[in-house]
Amino acid sequence: MKQKVTDLRSALELLKSLEGQLVETDVPVEPHAELSGVYRHVGAGGTVMRPTREGPAMIFNNVKGHPDARVLIGLLASRKRVGCLLDERPERLGFLLNRAVEKPIAPVVVPNDEAPCQEVVHLVSDPDFDIRKLVPAPTNTEEDAGPYITMGMCYASDPETGESDVTIHRLCLQSKDEISMYFVPGARHLEVFRQKAEAAGKPLPISLSIGVDPAIEIASCFEPPTTPLGYNELGAAGAIRGEGVKLTRCLTIEEYCIANAEYVIEGELLPGTRCREDQNTNTGKAMPEFPGYTGPANPSLPVIKVKAVTTRKNPIMQTCIGPSEEHVSMAGIPTETSILAMVNRAMPGKLQNVYCASCGGGKYVAVLQFKKTMPSDEGRQRQAALLAFSAFSELKHVFLVDEDVDCFDLSDVMWAMTTRFQADRDIVTIPGVRCHPLDPSNDPSYSPSILDRGIACKAIFDCTVPFDQKARFQRCKFKDVDPAHWVPELFK
């Protein structure tokens, strides 16, 4: 019987039963740069500088300076592993999430004494309270601004409507009881809540839950328009599992947290308070981000004043490397869902699948597998690309391929681009469109055509065969057999 996943620990038990999906080490490791440096070689993948590879998740059982904690990295750094954890075929994950978004199951609240996340309580009033000692947040590189929480489920509520939301943000430990919080420009839900609270001169209660069911981590990465303001992504996580996510009341603030998290940090976003992200290092750098570059330190970020840290007994800290395949899974699969939903509403049955590729960090590049069945479908593939840009504003490049091309295999996509694409007729450029500020080429210093940081020239690469020429572009037809009959050890 397959292990049921309800939290991080049950997810790890499932991975232990699967060959090659989880490794552990008892060798001491330094959380400052060394831990991430090790995992770069073990399984980071994504846009991490080579040499790297896609490999197993990894648990470090002996983290220097944190004798009572373990650190997990790379849980979602494989699409195959995500499929196992969500009980769905990897190529169908976008469809699973689409169903979940359309039919959410609301979270449920459990009493505090039923919440594992509050088995151990550390209050800011404790004389030795220091989040840097309580939370083993790694520093990814030696030039980072500081230790970062990269997998914190940030949960807060609209001070006017009471509607709640969960998202993941860049969180840097700045002092014993302060954390800086980075918001990508564009008014994401928690930023709207924070702005409303600040306008009223009030702090915004916020909980940071670390080490949770991976369904929550994936669902938390949805963005508008798929999940508009007022949509709580925990409902989509609940739909994935078929039951509501369990929340419990925080102990020191008027907010909820995820009941079975490994760590919970309770605090308040302070109105009118800002700090420089690299105030402790002066490196000018923040941390490695998904495009494969280290983001610049922000000169002025909102501050969370920490009130308490609660944990499970023997907690497991979960982290990720920003440019790794883990970000591709968390950002890319919800983006695929958004594109599938948008295009299928406009032209049902035409879009066969979508892959938000590793080379774009799950955000910048999408491959759309499109099926033309009649002459009037010619041109609709490009309409689908335009809809993809509408579904996800941070998307930069769309590759269009036919149904006989595996959109998840970039070698196959490049084959289509080589044999079914002519640059002078099959590139569509859309200049001057808002994209994402972490792409260093989206900057006026790169090109005078770019008016502001974060603006890009988006592009469609149409690698589909014109409908009236499909007979000329038939792939070689090999006999379809079951290879397991001959080599069962390779096709278990």
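Accessible areas here come from the Shrake-Rupley method with a 1.4 Å probe, and for residues only the protein chains shown count as cover. On that basis, the protein has an accessible surface of about 20,900 Å², with 53% of it belonging to carbon and sulfur atoms. Bear in mind that this is a predicted model, where local features need pLDDT of at least 70, side-chain atom pairs count only at pLDDT 80 or more, and totals for chains, interfaces and linings use all residues. Residues are numbered from 1 along each chain as its sequence is written, and side-chain values use heavy atoms, with hydrogens and water left out.

Now for the overall build. You're looking at 12 helices and 23 strands, both being DSSP runs numbered from the N terminus (helices are H or I, at least four residues; strands are E, at least two). The radius of gyration is 23 Å, close to the 23 Å that the globule rule gives for 492 residues, so the protein is as compact as a globular protein of that length. That radius is taken over C-alpha atoms, and the rule is 2.2 Å times the number of residues to the power 0.38. Along the principal axes, the C-alpha atoms fill a box of roughly 75 × 60 × 40 Å.

How much of it is tucked away? Of the 492 residues, 57% count as buried; buried means under 20% relative accessible area, exposed over 50%, and partly exposed in between (1.4 Å probe, protein chains only).

On to the salt bridges, of which the structure holds 37. Each is a side-chain nitrogen of Lys or Arg within 4 Å of a carboxyl oxygen of Asp or Glu. One of them pairs Lys305 with Asp177, with the closest N and O atoms 3.5 Å apart. These partners sit 128 residues apart and link distant parts of the chain: Lys305 is in strand 17 (residues 301-311), while Asp177 lies in the loop between strand 9 (170-175) and strand 10 (178-182). Lys305 is partly exposed at 27%, whereas Asp177 is buried at 12%.

Glu378 meets Lys372 at 3.0 Å; Glu378 is partly exposed at 35%, and Lys372 is buried at 3%. Arg380 bridges to Asp377 at 3.8 Å, N to O, with Arg380 partly exposed at 32% and Asp377 buried at 1%. Finally, Asp7, Arg9, Glu262 and Arg312 are linked in a salt-bridge network.
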